[in-house]
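Subject: Structure for your review

Dear colleague,

Please find below the structure that I am handing over to you.

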Protein chains: 2
Amino acid sequence: MLHVDSTQTVPRTLPRIAETEYRERVAGLQRAMDIERLDALVLTSEDHFQYFTGFHSPTWLNLTRPRFCIIPCKSDPIIIIPSNNAFIARQTSWISDVRTWVSPCPSDEGVTLVADAIRAAATTFRRVGAELGPESRLTMPVADFLRLGTSIAPVSIVDGFSTLIAPRMVKSEAEVKRMRTIAEIASLAFERLGANMRTGETEAQIAQRLRVDILRHGAQDVPYMTGSSARGGYPSVNSGLSERVVRPGDMLTLATGSVYDGYFCCFNRNYYFGRPPDALRRRHELLWDATEDALDFAGPGIRASEVWRTLRARLQSERAGGHLRQGRSGHGVGLRLCEPPSISASDDTVLMPGMVITLEPSIAFEGSGSESFLLHEEDVLITDRGCETLTRRASRELTLID
Amino acid sequence: MLHVDSTQTVPRTLPRIAETEYRERVAGLQRAMDIERLDALVLTSEDHFQYFTGFHSPTWLNLTRPRFCIIPCKSDPIIIIPSNNAFIARQTSWISDVRTWVSPCPSDEGVTLVADAIRAAATTFRRVGAELGPESRLTMPVADFLRLGTSIAPVSIVDGFSTLIAPRMVKSEAEVKRMRTIAEIASLAFERLGANMRTGETEAQIAQRLRVDILRHGAQDVPYMTGSSARGGYPSVNSGLSERVVRPGDMLTLATGSVYDGYFCCFNRNYYFGRPPDALRRRHELLWDATEDALDFAGPGIRASEVWRTLRARLQSERAGGHLRQGRSGHGVGLRLCEPPSISASDDTVLMPGMVITLEPSIAFEGSGSESFLLHEEDVLITDRGCETLTRRASRELTLID
């Protein structure tokens, strides 16, 4: 299928997402709730809040105070938040029914207000959904959640996470613009970094320069910055950067989840300091070729598991002196760094236009001492006819630093 | 009691926290578990992991894969993590018993391994503690937690959050060094910002300049940056910065939770653009005076609620044309932006040397249109004889921007 690079310059200030779009998101959720016989969904986590209500602020880092949104099947959503969050709701959310309590109040941290709202909504099916299932994080104290469950009986609480996350897999035009923006900002920063790196710096110094560059070029935050370095291949792509000094003969990888208006990119880039052994060059090209196979193949109607098998087929047939590791080779990305689907053997999600996934084939091999590996990741938008990279496609040749 | 400013220059690279210190933390926890009749504690959240095991990495942003640490009452801790987190454990943790599974695996995302470890430990009291109570966040899917509870019966799971958080309130010398470092970096950046601001910029532009400056001067991350601006007083101190252009006659507040080696500072600074009305100057001085009262008063043996009453007494007696809002006026800070205790009417925690709290008195008043307020926050270390500000004490006079 067709895939193109998206290298156009992107504007840094995008219009706010329209209230009509939020209302459509809620209406779609309400249709799903009706089918699944749920009277309401209870939301507590930052990304669900932003997706359905617009409410967002760094105040989520404050764990003293929980926040709740009740989306009834038949009526408008209700936000239940600490009183000192009310301005945030006025500033960022389209929801008009905002109820507050003075927090901290450990004896009743919003629970009574939430129970009242659930009771008023749960009159048909006597079932409400909450964030309980795989990949979910209930963002309130569990003791309060259990107390809530008791106080609303006979209404029962079931898992609603899959219902909440399913519509989010397909991004709207406004969401894609945000993801294109952040992928491009980070891609260009990685390219500049390649031109400005030298041995003798620590991993942490190099990474901090990249972080600052991404921020200065329009990212709103860089919450995720990971990677590692070692001679001939690196040990990890998800660890924090260390005080290790990068030397000639080292491979360095850096990965970032940078953010624009809440939306993440998630990808890495690889750098070699000096003249690499042929085996290492071949491995990098193999990962690039496997990605190219998947980009040619991926598109609407294709399953996530089939994309995984396409990546795997190339790696398995050529190997380049490496071996394959278990696990997935990509994932959804959006208001979370990692969200469904998984690009894995067992995830049969059918790709649809508007989905954004990462492709991240990797290959492991014996390095200097312990096991090393290489990983190569791109962010990919599924389009009507195929797919498109949101990241600026890395070069097939390993990037060399003099 | 005695309080002093800490304005010395701080080094940017601190030695790692020693294994002996981690072992002491675990030993203290095990003594508390014995008293509370707990066979083990189950940890799932980032800050508890770092505090007791050293394990840390930005990979916590990936919500697909949970992580577990079991601390038995009578034996060494066990880390149970996805296989692609094993390097992070080797790199950052002193724990040798590291068990892994290949994730994602939604049908058994570590639950069997955790259940096995709990069963092996829970032979005396048949009770284990987990992060369930006020201010806790269980960092795994709740459906898996409920399944875990069933599979380990008759062993019961009770709240262990207060047991986990209590020892963390008193910071060690190594922790205080980190908190002093980040408070100083951010304080100096706020001071430089005051000298380099002008009207005509947006809130977001000003805040981003501050963020970059903090990073360039040695912070490892700036995950929390909030504030707002308005004519004569601001509406919020915990909202995200907006595209509002700052004009003459505006008050602007910026608050940051910046991070060094996982440890937060948490404070704000206030700026007025132009020549402020006398009432506004007086309100700022009143908040500063109230803080001064609390700094004179706070020290070992004093209760959090008494500090709250001290702040409140000054605000209540002078008012300066404002009125008081409900809620707390400060909180603990450490590996979390906000942690116990609360500086509030109902929190009777006795302050001890090594505790770090914020003092944040505020006063509300009628501004241009809706309600405005002013808030002033400092980070404070309780010492043997009194207390000490870790932040560079703000000036009593409101900072004016030409």
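The notes below concern the interface between the chains and then one residue of chain B.

Please bear in mind that this is a predicted model. Chain B and chain A together bury about 5,000 Å², and carbon and sulfur atoms account for 59% of that area. Of the area that chain B buries against chain A, 14% comes from B:Leu63, B:Arg137 and B:Asn238, more than from any other three residues. Each chain brings 58 residues to the contact.

As to polar interactions, 20 residue pairs are in polar contact between chain B and chain A, with both residues at pLDDT 80 or more. Two salt bridges are found across the interface. A salt bridge joins the side chains of B:Asp221 and A:Arg211, with an N to O distance of 2.9 Å.

On the side of chain B that touches chain A, the elements giving two or more residues are helix 3 (86–92), helix 5 (142–151), helix 8 (203–216) and strand 8 (221–231). Strand 8 of chain B gives the most, with six residues. By class, this side of chain B has 29 nonpolar, 21 polar and eight charged residues.

Finally, B:Glu24 lies in helix 1 of chain B, which spans residues 19–35. B:Glu24 counts as exposed because its relative accessible area is 55%, and the cut-off is over 50%. Its C-alpha atom is 14 Å from that of B:Ala166, a residue 142 positions away along the chain.

With kind regards

Notes:
Residues are numbered from 1 along each chain as its sequence is written. Chains are lettered from A and ligands numbered from 1 in the order in which they are written. This is a predicted model: local features need pLDDT of at least 70, side-chain atom pairs count only at pLDDT 80 or more; totals for chains, interfaces and linings use all residues. Side-chain values use heavy atoms; hydrogens and water are left out. Helices (H or I, at least four residues) and strands (E, at least two) are DSSP runs, numbered from the N terminus. Buried means under 20% relative accessible area, exposed over 50%, partly exposed in between (1.4 Å probe, protein chains only). Contact means heavy atoms within 4.5 Å. Buried area is the accessible area (1.4 Å probe) that two parts lose on being put together, summed over both. A salt bridge is a side-chain nitrogen of Lys or Arg within 4 Å of a carboxyl oxygen of Asp or Glu. A polar contact is a pair of N or O atoms within 3.5 Å; within protein, one must be able to donate a hydrogen and the other to accept it, and residues adjacent in sequence count only if both atoms are side-chain atoms. Ala, Val, Leu, Ile, Met, Phe, Trp, Tyr, Cys and Pro count as nonpolar, Asp, Glu, Lys and Arg as charged, and the others, Gly among them, as polar.
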